[in-house]
Amino acid sequence: MTDQLTVIVLAAGGGTRMKSKTMKVLHRIGGRSMIGHVLDAVGRLEPTCVCAVVGHQREQVGPHVRELLPEAVLAVQEEQLGTGHAVRVALDALAEQQVAAVAGTVLVAYGDTPLLQGATLQWFAAQHEAAQAAVSILSGVVEKPVGYGRIVRDEEGEVVAIVEEKDANADQRAIREINSGILAFDAGFLTDAITRVGNDNAKGEYYLTDAVGLARDAGLTVAAFPVDDVWQTEGANDRVQLAALGRELNRRIVDRWMRDGVTVLDPETTWIEADVVLAEDVTILPGTQLLGTTVVAEDAVIGPDTTLEDCEVGAGARVVRTHGQLAVIGERATVGPFSYLRPNTVLGAGGKIGAFVETKNAEIGDGAKVPHLSYVGDAEIGEGTNIGAGTIFANYDGVEKHRTKVGKQARTASNNTFVAPVTIGDGAGTGAGTVVRRDVPPGALAVSAGQQRNLPGWAQSKRAGTPQADAAAAAGAGAAASEKPEPED
């Protein structure tokens, strides 16, 4: 390929059929915006320069493009007067911003084609340059070409023109080879031809595709290269089309991971976003969503009915019916069912976060366990410690959050409340129902409950005539109302 490659990405259209306050190209599938997918594909070409043409809601689109591709040039198309006008705006912006002179090949792509692949663009650019064409068209052959511009060829198969559907006659509308909109140009030809593109058409717009006729009139080569995978050129104009592209993208991602050694029991109910990384021998059970930059190591089992976003899962871990975000799950650890891992949860190797447990900003050491019905917020739990069922880490005093530290090999009983800030030492324990308000020294047992008292005959005295009192009487309970405390242990 030539050493000089400029890519222009068109992203100025309003996308009114989306019926959204979000600009069309910013709608997301597979964990990225549509234009994010396109810029990723474009970046794989390592172009000399990338120019994104923005217009509608450019205050949204421009910063997003710059975030993904800081070196991109932004060109503003104040009025959307067609693709030819957009490319002219881009070329003017490149000149005004004193970018290196446009030379070699200019590739024009669209910001709403999220299935586009870098390898396809590389192939297309190479074909264009090998043909020494002034203009090349990435085309496709489809069963139902409604809505697309048609590639018109002569009897020798040479490209004569691209005719937009609104301007096509009946014979031209029957043509099944369509223009994807992705074009490649000789830079010298484009910079001249773009000034001569007119707007004498049904919509009164400047069509970039009219450059084909200009090239033909000048006796220059025009080529069209059909791509087998037409999905890559599909755009989304409304939410129905967006969902269809999302399903197709997900199918491709899931298929790729299965071919790379991941077991997916039910691909139809499994969603994996584009930036997720999976090792060989990972198993994904039905109803699972792996989102963002989630990474799962070998032999881990995820699901069923689990959503992990930006999480890290260690080798051999097991995560069941869990929602996790920005959490780290150590190797051989177990999570779930019905666990909620909020950001900055770190579970050590062989540790456990069990049923109906919520964690947040918590470090749970190797082999430590929080098995049941607990909230662990702003906490550090040492290696090998077991937290009893129904434990609450009371981290919020109404104004500020505070941290609780539980040492190594501690054993805390059921139905505890740890009122932060507080420290429970290594090897310490707590009694059932204890409210821990002060530090517990290593090896000590903390008990806060008072002495138990039994009130004989209470049911018959205070609940006479109820099933409770009747059951007590049938059991031979005495009717005495005196209070006699049980002896201490």
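Two strands are said to pair if DSSP finds at least two bridges between them. The model discussed here is predicted. By that criterion, strand S6 pairs with strand S10 (residues 177-186), the two being joined by 4 bridges and running antiparallel. Within this pairing, threonine 105 stands opposite aspartate 186 of S10. Strand S6 also pairs with strand S1 (residues 5-11), here in the parallel sense and over 6 bridges. Leucine 10 has tyrosine 110 of S6 as its bridge partner.

How enclosed is strand S6 by the rest of the structure? Of its 6 residues (105-110), 6 are buried, so the strand is largely enclosed by the rest of the structure. In a regular strand the side chains alternate between the two faces of the sheet. In S6, Thr105, Leu107 and Ala109 point one way, while Val106, Val108 and Tyr110 point the other way, and all are buried.

Leaving aside neighbours within four places in sequence, alanine 72 is in contact with Val50, Val65 and Arg66. The C-alpha atoms of alanine 72 and valine 7 are separated by 9.8 Å, although these residues are 65 residues apart along the chain.

Leucine 373 belongs to the loop between strand S29 (369-372) and strand S30 (375-381). Its relative accessible area is 52%, and leucine 373 is therefore exposed, since exposed means over 50%.

Charged pairs complete the account. Side chains of opposite charge can pair when their charged atoms come close. The structure holds 19 salt bridges. One of them joins glutamate 165 to arginine 150, with the closest N and O atoms 3.2 Å apart. This pair links distant parts of the chain, 15 residues apart: glutamate 165 is in the loop between strand S9 (159-163) and helix H5 (170-173), and arginine 150 is in strand S8 (residues 150-153). Arginine 150 is buried, at 2% relative accessibility.

Arginine 321 and aspartate 305 also meet in a salt bridge (3.1 Å, N to O). Because arginine 321 lies in the loop between strands S21 (318-319) and S22 (322-325), and aspartate 305 in the loop between strands S18 (301-302) and S19 (307-309), the pair ties together parts that are 16 residues apart in sequence. Arginine 321 is partly exposed at 34% relative accessible area, and aspartate 305 is partly exposed at 42%.

Terms used:
Residues are numbered from 1 along each chain as its sequence is written. This is a predicted model: local features need pLDDT of at least 70, side-chain atom pairs count only at pLDDT 80 or more; totals for chains, interfaces and linings use all residues. Side-chain values use heavy atoms; hydrogens and water are left out. Buried means under 20% relative accessible area, exposed over 50%, partly exposed in between (1.4 Å probe, protein chains only). Contact means heavy atoms within 4.5 Å. A salt bridge is a side-chain nitrogen of Lys or Arg within 4 Å of a carboxyl oxygen of Asp or Glu.
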